[in-house]
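Hi everyone, thanks for making time this morning. I'd like to walk you through one model, so please have a look at it while I talk.

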Amino acid sequence: MAAENKVYLNGLVHGIKGIRRDSDGGAIAEIWIYLCVKRRTQKIVENDARKKIVRYDDILVRVKKEDLIRYIQEHKVAAGDTMAVVGTLVSERVEKKFECRKCHTANFFSGILSYVYPMSICMTQIRPKTKEIIRLTNAEIAQGGEAVRKILDEKKHTDGTIIFTEIEGSDENGTDAMVLVQPEYDDADAVQYLSEVEEMSNVIHVMGNLCEEPVFTKDSRTGSNCKYQLGVNRKLFIKEDDPGNYTDYPIIHSLGKQAEKDMQFLKTGSLVNIEGALQERDGFKIKKRCRACGEENRLNSSAIEIVPYSVEYAKDCLNSDGEEEEEEQKKDARLEVGWTETEAVKEKPEAGTESDEDPASEGGYPEEDGSEDSGQGSEETADDGTVYADDDSFDF
Ligand SMILES: [Zn+2]
């Protein structure tokens, strides 16, 4: 089956957004990490002028596999660490919720939630963490919680942030606490690291069929843009996911000459083979009408889309005259690259097709929907203030 969806990221942990525990409040079921990655510097030809695009993106990585959760806990992964991830881009349909700003009715709509699901993780450190043993008096211990945290912070010798605390032992006079200090890193460290790994910092290889006609826009500000949604059958069974999810629906956003070619050669059902980078689109607005009072609500949204470095037109594409390719040609092409027949995913997801979305929000694309909305009806998100491991010093 012609299906591929593999993501390679290498970047800086920008933050741990949160964790989700099992419903009984016990074991950690999921950890959300923001990984800052750098896209390979891209040269785009636009109106015969060359543009160089340098871009950093914060990509949401949702760690669900048990062994990877354990790995993150054991290595005390924190902001400032660096991490390599191999995984898959999940773009799943979810029910989203918002409360009407006028009448406060709860409204639901179908949207797409996109994130990277890691199969393998490897952590490294720009600057190693330092272990210190700090002596606390009984009087200090008695102050409890926040006060103890402050005292530890004042008593430590290493510059940085305490990310982990553990009691080492105590006697009648006091207690020894072990703290792990994460050194501060600055932007220069981050920029240097990301430049070194640029070629492997943000890469996705995806193969699938267009489930809609491509949408092309061109204006003086953003140049040529082409957007289309792919249906990509899952090769990977994600144990923790809804077993009904067999297909992902990533959005492709090509630029410049590539956008013009995509518009010329692609149609619904075309099979494409794409190498590109993930791009976070944050903070755009979508419009939703309240089902009770009809009020138009503007909601913050974000999404991960794919910006291609290259697009191979593999099957069922148009020729340069905008006509269907000859059957014979298609067969030849298939033999060359060894395709087996596969049923194209042509079904278009319901998600994000509401006509009342804001076409002016970005590049005139009318059918984009957001992914995770912070604070907008993500019932099972991890921002519950729960702490990490067994200590109480791990802040999210
Ligand atoms: Zn309302």
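**A walk through the strands**

Among contacts in this chain between residues at least 6 apart in sequence, 73% join residues at least 24 apart. Before I go further, please keep in mind that this is a predicted model. The chain has 6 helices and 17 strands, and buried residues make up 34% of its 396 residues.

Let me start with strand β13, residues 223–233. How many of its residues are buried? The count is 10 of 11, so to speak a mostly covered strand.

Now, who are the partners of β13? I'll take them one at a time. With β12, residues 215–219, there are 5 bridges, and the two strands run antiparallel. β12 and β13 form a hairpin, with 3 residues between them. If you want to find this pairing on your screen, look for D219, whose bridge partner in β13 is G223.

Next comes β11, residues 202–210, which pairs with β13 in the antiparallel sense over 2 bridges. Here L210 has L230 of β13 as its bridge partner.

Then there is β15, residues 251–255. β13 and β15 are antiparallel and share 5 bridges. Which residue of β15 is the bridge partner of K227? That is H253.

And β14, residues 247–248, is antiparallel to β13 as well, with 2 bridges between them. In that pairing V232 stands opposite D248 of β14.

Let's move to a helix. Helix α5 covers residues 256–265, and its buried residues are G256, Q258, A259, D262 and M263. Why do these residues line one face of the helix? Seen down the axis of α5, they fall within an arc of 140 degrees, so one face is where they sit.

My next stop is an open sheet of 3 strands. The order is β8-β10-β9, and the pairing is antiparallel. At the edges stand β8 (130–137) and β9 (161–171); each has a single partner strand, so one side of each is left without a neighbour in the sheet. Neighbouring strands of this sheet are turned by 25 degrees against each other on average, direction ignored.

Looking at one pairing in that sheet, β8 and β10, the latter being residues 174–182, are joined in the antiparallel sense over 8 bridges.

Helix α3, residues 145–155, lies across β8, β9 and β10. What angle does α3 make with β8? It runs at about 120 degrees to β8.

Strand β5, residues 56–63, is mostly covered, with 6 of its 8 residues buried. Its antiparallel pairing with β2, residues 28–38, counts 8 bridges. To locate that pairing, find I31, which stands opposite V63 in β5.

Let me recap briefly. β13 pairs antiparallel with β11, with β12, with β15 and with β14. The open sheet runs β8-β10-β9, with α3 lying across its strands. And β5 is joined to β2 by 8 bridges.

Notes: Residues are numbered from 1 along each chain as its sequence is written. This is a predicted model: local features need pLDDT of at least 70, side-chain atom pairs count only at pLDDT 80 or more; totals for chains, interfaces and linings use all residues. A residue is buried if 20 or more other C-beta atoms lie within 10 Å of its own, exposed if 12 or fewer, and partly exposed in between; C-beta atoms are placed from the backbone. Helices (H or I, at least four residues) and strands (E, at least two) are DSSP runs, numbered from the N terminus. Two strands pair if DSSP finds at least two bridges between them. Two residues are in contact if their C-beta atoms, placed from the backbone, lie within 7 Å. The arc is that of the directions from the helix axis to the C-beta atoms. Axes are lines fitted to C-alpha atoms, for helices over the stretch in contact, and angles run from 0 to 180 degrees between N-to-C directions.
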